[in-house]
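Visitor: I have a model open on my screen and would like a walk through it. Could you guide me?

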Amino acid sequence: GSLHLYYASVLGSLLSGSKHFAPYYFIRHILPPYALHYYFLIAAAHFFGYVMADKLLVCLIFILTAFGFRYLARCLGPGGDLVSLFILPLLLNWPLGMGFYNYCLAIGMALWALGFWYRAVQKHSHGLWLAFLGTVILVVLTHPVPLAFIYVLVGVDVVWRFFQNWRRREAGA
């Protein structure tokens with residue numbers, strides 16, 4: 001929305017060294033809450049302007065969410081291609097329509113992170129573990145609610161796998 005565009009323009013002006021907003025604002029933290037959203041807007045605004053950068057962010061949210069859901073669905077089972085069609089009605093959702101772009105962006109990245117988690121557990125790949133970690137760091141810079149979603153699902157998966165291994169060891173002993 002317009003308030004986020006204003007924040008991004010002020011932050012971009014302060015980061016570039018401009019004195020226009022310096023008498024009124026200062027940067028307290030280089031990584032403020034919801035930093036990824038603002039830094040994306042600042043970077044894209046250099047090429048397209050702030051209004052178009054906002055529209056590009058919505059397109060990015062669509063792409064990340066749709067392909068993140070598809071990746072996660074394909075990691076979980078062979079019917080992932082068919083199940084991934086169920087994301088279509090969810091793409092145009094209430095939070096996105098109300099302008100909660102940080103939350104929606106973090107949901108798309110959380111789907112990717114969970115896909116990387118399940119694929120890394122299956123394949124024991126260091127590259128996938130790094131992709132999981134990098135995606136979680138991006139979610140940390142975006143919104144806390146999808147981050148909690150990742151923590152809960154990964155925690156449940158770890159506990160589930162622990163009890164499965166424990167039962168197998170007990171049955172084999």
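What follows is a set of questions and answers about this structure.

Guide: Happy to. This is a predicted model, in which local features need pLDDT of at least 70 and side-chain atom pairs count only at pLDDT 80 or more, while totals for chains, interfaces and linings use all residues. Residues are numbered from 1 along each chain as its sequence is written, and side-chain values use heavy atoms, with hydrogens and water left out.

Visitor: At what angle do helix H8 and helix H9 pack?

Guide: Helices here are DSSP runs (H or I, at least four residues; strands are E, at least two), numbered from the N terminus. Two packed helices are described by the angle between their axes and the distance between the axes. Axes are lines fitted to C-alpha atoms, for helices over the stretch in contact, and angles run from 0 to 180 degrees between N-to-C directions. For H8 (residues 126-140) and H9 (residues 144-172), the axes are 9 Å apart and the angle is about 145°.

Visitor: Which residues of H8 and H9 make that contact, and of what class are they?

Guide: Contact means heavy atoms within 4.5 Å. H8 brings Phe132, Val136, Val139 and Val140, and H9 brings Pro146, Leu147, Ile150 and Val154. For classes, Ala, Val, Leu, Ile, Met, Phe, Trp, Tyr, Cys and Pro count as nonpolar, Asp, Glu, Lys and Arg as charged, and the others, Gly among them, as polar.

Visitor: Which helix gives the largest share of the lining of the largest pocket?

Guide: On a 1 Å grid over the protein atoms alone, a pocket is an open set of points where a 1.4 Å probe fits, with protein on both sides within 12 Å along at least five of seven lines; lining residues have an atom within 4 Å of a point. Grid points are joined across faces, edges and corners, and a volume is the space filled by probe spheres set on the points; the largest pocket holds about 360 Å³. Of its 13 lining residues, Tyr7, Leu11, Phe26, Ile27 and Pro32 are the closest to the centre, and by class the lining has eleven nonpolar, one polar and one charged residues. The largest share, five residues, comes from helix H1 (residues 2-15).

Visitor: And which helix gives the largest share of the lining of the second largest pocket?

Guide: This pocket has a volume of about 210 Å³, and of its 14 lining residues the closest to the centre are Thr65, Ile87, Leu90, Asn93 and Ile107. The lining counts twelve nonpolar, two polar and no charged residues. H3 (50-76), H5 (88-91), H6 (94-97) and H7 (101-123) each supply at least two lining residues. The largest share, four residues, belongs to H7.

Visitor: With which residues is Ser13 in contact, leaving aside its neighbours within four places in sequence?

Guide: Ser13 is found in helix H1 and counts as buried, because its relative accessibility is 11%. Its contacts beyond those neighbours are Ser18, His20 and Phe21.

Visitor: What is phi of His124 near?

Guide: His124 lies in the loop between H7 and H8, and is exposed because its relative accessible area is 65%. Its phi is positive, in a residue other than glycine, at a value near 55°.

Conventions:
Buried means under 20% relative accessible area, exposed over 50%, partly exposed in between (1.4 Å probe, protein chains only).
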